[in-house]
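Please read the numbered points with the sequence and the model at hand.

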Amino acid sequence: MPSAAAWTRGGAAVGAGLSLFALYPLLVHGAIVADLDADTALVLALVQAGVTGLVVGRAAPRFRWIALAGAIALFGLSWRSARDGLLAASAISHAAIYVGLLVLFGRTLLAGREPLITWIARRIRGSLTDEMLVYTRRVTIAWCLFFAGQLAMSALLFAFAPPTVWSFFINVLDLPMVAAMFLTEYAYRLRKFWNYSHGSIADVVRVFSERPNP
């Protein structure tokens, strides 16, 4: 069994990782707004391109070659113009994440398949009432609409707003909006199904991470 010191070190490492994950988009937005020096922008762009390529390649192995080609193209663009590379890396990262999530959730709504939120609820609870089946299907649809809205708003701002406004939307508001969507649904679910036991948010995250690869 791990010692208390090991648990402490593990918790500190997880906390540091989550803090970096939360702060990195703010650093990217700050670099775009403040028009930081080329070296700093280049480092941020290269890190974002590399991480995006790794995440896409791991999440969708069949598209690994596309992720590799995109990462190489971003490296080249960032080397030529650090600011353009940073903008492109931010745009591609945001689009890749939300297109992937939209496909992941959306295809479970096809005929003959179980909606992803229904599958998660069944893994946590074991059995679901008819009312829960309807509710979890609607939550899956709601998440699809959220992902599509993220993509549409990003495209509109990228086309018609200054880069700093677009960057604020995808780098600063992104995680708070996801958290607000998640917590709002969770609070509504607790109120609607107040007479049922519910899994914790940690249970939802654990089951989601354990889903089989497509």
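1. Terms for exposure. A residue is called buried under 20% relative accessible area, exposed over 50%, and partly exposed in between, with a 1.4 Å probe and protein chains only. V51 is therefore partly exposed, since its relative accessibility is 45%.

2. Basis of the note. The model is predicted: local features need pLDDT of at least 70, side-chain atom pairs count only at pLDDT 80 or more, and totals for chains, interfaces and linings use all residues. Residues are numbered from 1 along each chain as its sequence is written, and side-chain values use heavy atoms, with hydrogens and water left out.

3. Overall architecture. Helices (H or I, at least four residues) and strands (E, at least two) are DSSP runs, numbered from the N terminus. The chain has nine helices and zero strands. Of its 214 residues, 32% are buried. Contact means heavy atoms within 4.5 Å; among contacts between residues at least 6 apart in sequence, 67% join residues at least 24 apart.

4. Surface. Accessible areas come from the Shrake-Rupley method with a 1.4 Å probe, and for residues only the protein chains shown count as cover. The chain exposes about 13,000 Å², of which carbon and sulfur atoms supply 71%.

5. A nonpolar patch. Patches are made of residues with over 30% relative accessible area and no salt bridge; like charges are joined within 9 Å, and nonpolar side chains (Val, Leu, Ile, Met, Phe, Trp, Tyr) within 5 Å. V43, V47 and V51 make a nonpolar surface patch of about 240 Å². V51 is found in helix 2, which covers residues 38-59.

6. Salt bridges. Side chains of opposite charge can pair when their charged atoms come close. The term salt bridge is used here for a side-chain nitrogen of Lys or Arg within 4 Å of a carboxyl oxygen of Asp or Glu. By this rule there are three salt bridges.

7. The pair K192 and E131. The side chains of K192 and E131 meet in a salt bridge at 3.7 Å, N to O. Because K192 lies in helix 8 (residues 174-192) and E131 in helix 6 (residues 130-160), this pair ties together parts that are 61 residues apart in sequence. K192 is partly exposed, at 33% relative accessible area, and E131 is partly exposed at 44%.

8. The other two pairs. R122 and E114 form a salt bridge through their side chains, at 2.7 Å from N to O. R122 has 34% relative accessibility and so counts as partly exposed; E114, with 30%, is likewise partly exposed. In the bridge between E185 and R189, the closest N and O atoms are 2.8 Å apart. Both residues lie in helix 8, four residues apart, about one turn of the helix. Are E185 and R189 buried or exposed? Both are buried.

9. The surroundings of T140. T140 is placed in helix 6 and, because its relative accessibility is 0%, counts as buried. Leaving aside neighbours within four places in sequence, T140 is in contact with F105, T108, L109, P115, L116, I117 and T118. T140 and L109 are 31 residues apart in sequence, and their C-alpha atoms are 7.8 Å apart in space. The side chain of T140 also reaches the backbone oxygen of T136 at 2.9 Å. This is a polar contact, meaning a pair of N or O atoms within 3.5 Å; within protein, one must be able to donate a hydrogen and the other to accept it, and residues adjacent in sequence count only if both atoms are side-chain atoms.
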